[in-house]
Amino acid sequence: MASGEDVGPVGPYQYSSLPLNHIRLLQLEPSSDPSSLLRCTLSDFDLQSSDIPYDALSYVWGPPVFDHDLYLGDKAQLKITPSLHGALKRLRRDSQPRRIWADAVCINQASDEEKRVQIPLMRSVYPGADTVFVWLGGSDQAASALHRLGLRVRRLAVPDSGLQESEIVLAREIVDEILRLPWFKRRWVIQEVVLNANVLFCAGTAAELNWTKLGTSVTRCYPDAVSRLGYDGTMVHESHSGPQEEVNRADGDRIYALTGLANDVSIRTDNDAPFVPHGQQSQIALRVSYDQSTESAYIKFAEDLISSGRVPWLLE
């Protein structure tokens with residue numbers, strides 16, 4: 001405890017149940033001391049009627065090592081991963097609180113029932129955020145790459161800026177270095193950033209670059225960026241040979257995550273009522289359930305596709 005703060009006896013935070021269509025938001029208390037403890041409060045808000053401004057966090061959970069503390073009030077704490085701890089430290093303001101949605105804390109990860117209800121709401125949580133902060137990590141490598149690309153992005157954005165081929169090659173190496181970071185291999189990135197116009201990538205203590213500038217850089221370095229940034233591209237490529245990418249996320253979540261872009265898929269949170277965002281009508285209903293196996297989730301989804309007449313799509 002580098003800050004030397006006096007912390008009295010605390011116990012694990014006890015979640016209370018959420019009303020229908022409500023989410024929790026974490027209010028991160030300010031501090032100008034980077035070494036001070038992370039302190040916050042958790043409050044629930046009506047997602048449909050509340051106009052409370054908030055930001056959302058997109059990050060890699062990392063290994064399931066919960067060795068950092070997040071203090072809620074004076075008597076409770078949550079154990080969090082180093083990755084989340086680093087992200088919250090970076091986003092903490094010096095003098096003003098910041099309201100954030102971060103899935104590992106704002107959803108009770110010990111409750112499959114709550115996750116079943118909250119996951120369909122994520123397609124509204126991220127588009128509704130003022131800013132989606134993408135945490136690429138606190139490593140010197142990530143911070144350096146983001147900073148170096150930021151220094152070059154203005155010239156990369158101008159088609160006739162007189163860039164030499166050697167400059168393009170160097171910029172391409174930096175882009176590749178960024179796209180190899182773990183965040184770009186997450187299957188959840190689609191619904192977390194694509195539906196929000198204000199996305200900011202952060203790394204280290206100060207490096208940052210917005211989504212538009214990153215996209216411009218990739219497009220300039222790779223003229224075929226449509227395939228590179230698309231479903232089969234580097235930015236959403238899933239590595240099957242690496243370590244487990246997330247903790248507490250079932251393999252069935254692959255389907256649940258990708259429905260964030262689908263306007264013809266509704267999500268059922270129970271046996272009867274589907275959740276249909278933005279008043280859309282849909283032909284496929286996907287039920288979120290942590291009681292079924294991954295195999296059952298895929299089979300049920302395939303059955304729904306067949307019954308909706310999507311057999312050619314399924315066989316592609």
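The model is predicted, so local features need pLDDT of at least 70 and side-chain atom pairs count only at pLDDT 80 or more, whereas totals for chains, interfaces and linings use all residues. Residues are numbered from 1 along each chain as its sequence is written, and side-chain values use heavy atoms, with hydrogens and water left out.

The chain has 12 helices and 13 strands, where helices (H or I, at least four residues) and strands (E, at least two) are DSSP runs numbered from the N terminus. Of its 316 residues, 47% count as buried; buried means under 20% relative accessible area, exposed means over 50%, and partly exposed lies in between, with a 1.4 Å probe and protein chains only.

**The sheet and its strand order**

- An open sheet of 10 strands with mixed pairing runs in the order β1-β6-β5-β3-β2-β7-β4-β8-β9-β10, two strands being paired if DSSP finds at least two bridges between them.
- The edge strands of this sheet are β1 (11-12) and β10 (207-210), each of which pairs on one side only.
- Helix α5 (residues 140-157) packs on the sheet, where it touches β9 (199-203) and β10, and its direction makes about 50° with that of β10; axes here are lines fitted to C-alpha atoms, for helices over the stretch in contact, and angles run from 0 to 180 degrees between N-to-C directions.
- Helix α8 (residues 211-221) also packs on the sheet and touches β9 and β10, with its direction at about 80° to that of β10.

- Because six of its seven residues are buried, β2 is largely enclosed by the rest of the structure.
- Strands β3 and β5 pair in the parallel sense over two bridges, and cysteine 40 stands opposite leucine 72 in β5.
- Strand β4 (residues 55-59) is joined to β7 by two bridges and runs parallel to it, with alanine 56 opposite tryptophan 101.

**Arginine 98 in β7**

- Arginine 98 lies in strand β7 and is buried, with a relative accessible area of 12%.
- A polar atom of the side chain of arginine 98 lies 2.6 Å from the backbone oxygen of leucine 91; a polar contact is a pair of N or O atoms within 3.5 Å, and within protein one atom must be able to donate a hydrogen and the other to accept it, while residues adjacent in sequence count only if both atoms are side-chain atoms.
- Not counting residues up to four places away in sequence, arginine 98 touches Leu26, Gln27, Leu28, Asp55, Leu91, Arg93 and Phe133.

- In α8, the residues Leu214, Gly215, Ser217, Val218 and Cys221 are buried.
- Seen down the axis of α8, these buried residues fall within an arc of 160°, so they line one face of the helix; the arc is that of the directions from the helix axis to the C-beta atoms.
- At the start of α8, a side-chain oxygen of asparagine 210 reaches to within 3.1 Å of the backbone nitrogen of threonine 212.
- Helix α11 (residues 294-307) has 14 residues and reaches 20 Å from its first C-alpha to its last, close to the expected 20 Å, the expected span being 1.5 Å times one less than the number of residues.
- The buried residues of α11 are Ala297, Phe301, Asp304 and Leu305, and they cover an arc of only 100° around the axis, which puts them on the same side of α11.
- Glu295 and Ser307 are exposed on the other side of α11.

**Lysine 75 in a loop**

- Lysine 75 is found in the loop between β5 (68-72) and β6 (76-80), and at 68% relative accessibility it counts as exposed.
- Leaving aside neighbours within four places in sequence, lysine 75 is in contact with Pro9, Val10 and Gly11.
- Lysine 75 and valine 7 are 68 residues apart in sequence and 9.0 Å apart in space, C-alpha to C-alpha.

How values were computed:
Contact means heavy atoms within 4.5 Å.
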